[in-house]
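Hi,

Here is the structure I promised to pass on. Have a look at it first, and then read on for what turned up.

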Amino acid sequence: MSEGRGPAIYSIAAHRGFADALVAGLVPRYGDARGNLPHCTLLLPSSRAIRTVSDAFVRHYGTEGRDGLLMPRMVAVGDLDLDEVLGPLLDPLGDADIPPAVDPMVRRFRLAAILKEEMGETAPEGGALLRYAAEVAAKMDRLLVEDIAPDDLLGEDVLGWLGSLATHWEDNLHLFARVQARWLAWLQEHGRIDGAARRNRLFSKAAERWRANPPANPVIAAGVTSAAPALARLLRVVTEMPQGAVVLPDFDLTLSPEVWDELGRAGAGTPPFAPEDAVTHPQYHLKLLLNRMAIAREEVKPWHRKGMTAAAPERSHAVSTLFLPPEASRDWVALPADKRRLAGVRIMECATSEEEAQAVALLVRQALLEDERRVAVVTPDRGLAQRLVHHLRRWNIAVDDSAGTPLAITVAGRVPLLLAEAVAEQAAPVELVALLHHPLVRGSLERGIWLDRLRAFDDAIRGPRQAPGLAPLAEYARKAGVDDWWQDVGAVLSPLVEGDGIRILADWLDAIVTAGEALCGEDLWAREDGRSLSALLDEVRMQEEAKAFWVAAADLPAVISELMNGVTVRRPYGGHPRVALYGLLEARMSRADLTICAGLNEGSWPATPSVDPLLAPAVLRALGVPGADFRIGLAAHDLAGAMGAPEVILSRAARDSDGPTIPSRFLLRVKALLGDRLLEEHRERDAVEWARALDAQARLSPAERPRPMPSSDQRRVKVSVTALDRLRSDPYQFYAGQVLRLVQKDGLDAEPSPAWRGTVAHEILETWHKARAEGAPRPMMEIADETLEQMNAHPLMRALWEPRLMRALQWVEQEIEGQEGREPIAFEQWGSAEIRGVTVHGKVDRIDRMEDGSLAIVDYKTGGPPSNSQVEGGYALQLGTLGILAEMGAFEGVSGTPAAFEYWSLASSGKSETGFGYVATPIKTGSRRGGIPPEEFLPQVHDHVEEALDRWILGAEPFTARLNPDASVYDTYDQLMRLEEWMGRGDE
């Protein structure tokens, strides 16, 4: 450094736009007049910053009317291959004495193995173990960045805190220290080094070399705000070089010394950080950087530039006032109105996150109507970003989310996850159908043909879950008529689903890749998400550590999800040239005429600080690591920088998918600074009203109670004995089921419904009765077990329900074999007869011949029987109608007069020896008070039946929904009748 020259360190105010101001200052200093610009080296924080500065050069030279452009060399200081990208400037760094960096995937698996050995039986499994290894790796990197040696973990400063902490913190600290020691030994054995440690050495080596032999060409570090000690020392050397300079983004030169001091010690004291430090202030991390560079705040100079449109300088003063620390913010009450104004800043508050996305999309579209106007939407809320992308497609505005799309939710990324879920659940219906419905899956067929086969198979397997594995599904495929299709599918899935439930990870991934290619073909790898997936899977499969990492089938989805975690996919092209969608990291240094800061809610902007699960906050402070709230200050700095745009809109939603939200503390500060009177001037209402109007519908009157009136021909349908109950209690249900013939499908993997349980019980009883009638009786339990086996009932369902069913069937067997004077003569038999010219049909569960020659009609119920009031009201006519059919000779081989009517319930009962099963009857018998007299029962039922037929089948009465709301009805057609719209509105 030349004598008398202070450190060359500069700042660009937020209102000037960092990238454009940087370029506007670089050109006159190192531009064409001196011919140095192409020989300059810019040290920038990230690859995104390189792209942003490149765009700024294009804009600058475009306004100057130049024909050609030679830009400086630009290097991201976070690059693992820093020595290679800097090239001959560092001659090159690191080739001789700095070991290569260890592959991050190798480190993750190796740390997982070490953790498993150290933790023993308490170690997590599968994906949880990989996640824990990633947390340990991230903590190691954080300590390495802060230049904290492993020995410092158990130094006096740390051990002094352990006595005052909970036991688990001490255990975690010792575990972390042991794991790190073993990891460092492994690195030394294999001649590798952690990536963060390698960067530190490269920075130190560059600082040492540049201090001894400064480069002949200019080196400018711009936009770098990381306060890592090794990087801070390198930046200090850059400021001292004859042609070196450091340019800080959004550094506030207007802060008073008192406010600067109130920020805290920022790494300059002992201990380096104090609990009262204002770590949430947007300038705190810059103060930390200056302290580590050993540069006084007064030595920072403004970086002058000219010509670019910018927000007013008063904006920067207002933003500085906005983020004042607690003591200094007391001066707000004395601020005059002109000091409170945030000209060009608007606040938009929406009701929901969906409305917010729609409103932001409308603002973007409106801004694009102006030529050359650039728009940037900045949000850390990835869900909001995805909504915005979809809303902009309405106007054919393609915008790419620069933060990328997580690989796990891309089209290609879902394939291995769905395969893993099918493996974990042993081809359960929901997971299997979700896989086979995936848009890339088609096997060797045309997509339309594939979907036809799949829909037929889907229909066949609906209902309760069948037994696990692929074998039970073959019978469903045969019934659906898609045997050949299923054989191909089964052949693909069999290597995954069948066989051992635990394998090494590399074998699992090999099988998943093979199955994925067989189902999807080359389409799986054809797009950018497929290429990212291919790179990830190949990287893991080639690791030796993956060939020693055992994974159970149940843990496979979590493991694959964890491997994908952190991998994002970015579209290489196709976005609108004047619209940018950024996350907070990507937005740094960007420039736009209109910046929309969206998702300003607590937990999003700023994110909720998470407590480190490994090292206690007090331990981290003692080691010299900033606390968890440090990132709140970074988020505040991002907002302060974004508010430097010429026009800014701050947006939030009062509710999101999880419920009510809390406004961001930053937004609350804006409102408090403005005050109620000025706040109204900053409201953005138009976009919200447009968003509401865009999808608004004309006010619709609620639906009236349905009263369909089919023609007389449409009414003349066959009536089942079970449908008669619905005809009287809820005619609309009868209309939907019998006239429209709408049948509700079972869900996939559905809970065993009463109807399904009834079907199983009736099938068992029918088989048992037939065996007795044929003179070859079989035990009821044997038949039940055989029936459930043939139905491929799931073991869990059988374990929960079969014992109750068995005890109820055992009661039936005992009752029938013990009864005297009556003999079953018909069971599960269909019969039909004409009543008033209408065919009434039904299936009787059992008919017994009594000792006096009369008949007993028996109806099995897996639940409770209907009450006497329901029978008397005509809402439970099944038993009586079956008696009428029997009296009319509707059942083959059965004649006589029905005299007994019984419900045999298989529900729990204290009267049964087995605990399940009892007999109920609607007939008044003996001293029983309730019930219908025997001689009145059938005539009464007959009257109800004829009345129902006269009114709805033969007559012209409308099929009114819920005509008798007190009757027990099913909810099958509630949505179709739009019950919620009219029920309870005083309808007559």
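A salt bridge here is a side-chain nitrogen of Lys or Arg within 4 Å of a carboxyl oxygen of Asp or Glu. By that rule the count comes to 45 salt bridges. Keep in mind that this is a predicted model. As background, side chains of opposite charge can pair when their charged atoms come close.

Let me walk you through a few of these pairs.

Start with R107, which forms a salt bridge with D194; their closest N and O atoms are 3.2 Å apart. R107 sits in helix α4 (residues 104-119), while D194 is in the loop between α7 (167-190) and α8 (195-212), so the pair ties together parts that are 87 residues apart in sequence. Buried or exposed, R107 and D194? Both of them are buried.

Next up is R836, which has D950 as a salt-bridge partner, with 3.0 Å between the closest N and O atoms.

R541 is partly exposed with a relative accessible area of 23%, and D510 is partly exposed with 32%.

While you're at α21, check how it packs. The axes of helix α21 (residues 505-520) and helix α23 (residues 556-564) come within 12 Å and cross at roughly 85°. Angles of 65 to 115 degrees count as roughly perpendicular, so α21 is roughly perpendicular to α23. Which residues of α21 and α23 meet? On the α21 side they are L505, W508, L509 and I512, and on the α23 side L556, V559, I560 and L563. By class, this contact has 8 nonpolar residues, with no polar and no charged ones.

That's it from me. Happy browsing!

Notes: Residues are numbered from 1 along each chain as its sequence is written. This is a predicted model: local features need pLDDT of at least 70, side-chain atom pairs count only at pLDDT 80 or more; totals for chains, interfaces and linings use all residues. Side-chain values use heavy atoms; hydrogens and water are left out. Axes are lines fitted to C-alpha atoms, for helices over the stretch in contact, and angles run from 0 to 180 degrees between N-to-C directions. Helices (H or I, at least four residues) and strands (E, at least two) are DSSP runs, numbered from the N terminus. Angles under 35 degrees count as roughly parallel, over 145 as roughly antiparallel, 65 to 115 as roughly perpendicular and the rest as oblique. Contact means heavy atoms within 4.5 Å. Ala, Val, Leu, Ile, Met, Phe, Trp, Tyr, Cys and Pro count as nonpolar, Asp, Glu, Lys and Arg as charged, and the others, Gly among them, as polar. Buried means under 20% relative accessible area, exposed over 50%, partly exposed in between (1.4 Å probe, protein chains only).
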